[in-house]
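I opened this entry to record what I looked up in the structure. The notes follow in the order in which I took them.

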Amino acid sequence: MPAFLNPANAEFWVGVGLLIFLGIVIFVAKAPKAINAALDAKSAKIQGDLDEAARIREEAQRLLTQLKAERAEAEAQAKDMLAAAQEEARRYEADAKAKLEESLARRQQLAERKIANAEAQAAAEVKAAAADLAAQAAEVVLTQRLPGVKTDPLVDRAISQLGSKLQ
């Protein structure tokens, strides 16, 4: 066995110590860089997550503002539609009322015309009946007064005029 691999030899321990020292130097030199790199990567990931969360929060806030504006607009439209519907209902009510009043007025006029026609017809029938009765009465009176006379021109003329004067 070579002398530098013999643990009883001082050179072996110097070599082992040297290797341990170099390992520690390499580890100490690279370990903080690796730890810093890992921490930097973790920090960058956390910062990215925070940035993403802030972006999502801003977007949610913007959407909330937009939805509130749309809701307000929808409520305003609903109020406008309700007001328009109420106004239209008032117009329909006024229209229906006017048409009903017009219809009632036409029916009243028609009824009044029928009554006036019936009155005129009744008056004409009464006049005709009175004229016939007067003519019959005159005929009876004249026939009783003038039993011997067959016709009298004055009486015949008065009787013919009697019907036209009574109407």
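I looked for nonpolar patches and noted one of about 470 Å², made by L18, F21, L22, V25 and I26. Patch members have over 30% relative accessible area and no salt bridge, and nonpolar side chains (Val, Leu, Ile, Met, Phe, Trp, Tyr) are joined within 5 Å. A salt bridge is a side-chain nitrogen of Lys or Arg within 4 Å of a carboxyl oxygen of Asp or Glu. Areas are Shrake-Rupley values with a 1.4 Å probe.

The model is predicted: local features need pLDDT of at least 70, side-chain atom pairs count only at pLDDT 80 or more, and totals for chains, interfaces and linings use all residues. Residues are numbered from 1 along each chain as its sequence is written, and side-chain values use heavy atoms, without hydrogens and water.

I placed V25 in helix 1, residues 10–145; helices are DSSP runs of H or I, at least four residues, numbered from the N terminus. V25 counts as partly exposed because its relative accessibility is 38%, the class between buried (under 20%) and exposed (over 50%).

A128 also lies in helix 1 and is partly exposed at 31%. I found its C-alpha atom 8.2 Å from that of G163, 35 residues away along the chain.

**Whole chain**

I counted 2 helices and 0 strands (E runs of at least two residues). The C-alpha trace spans about 205 × 30 × 15 Å along its principal axes. Of the 167 residues, 4% count as buried. The chain exposes about 14,500 Å², of which carbon and sulfur atoms supply 63%.

Note on methods. Buried means under 20% relative accessible area, exposed over 50%, partly exposed in between (1.4 Å probe, protein chains only). Patches are made of residues with over 30% relative accessible area and no salt bridge: like charges are joined within 9 Å, nonpolar side chains (Val, Leu, Ile, Met, Phe, Trp, Tyr) within 5 Å.
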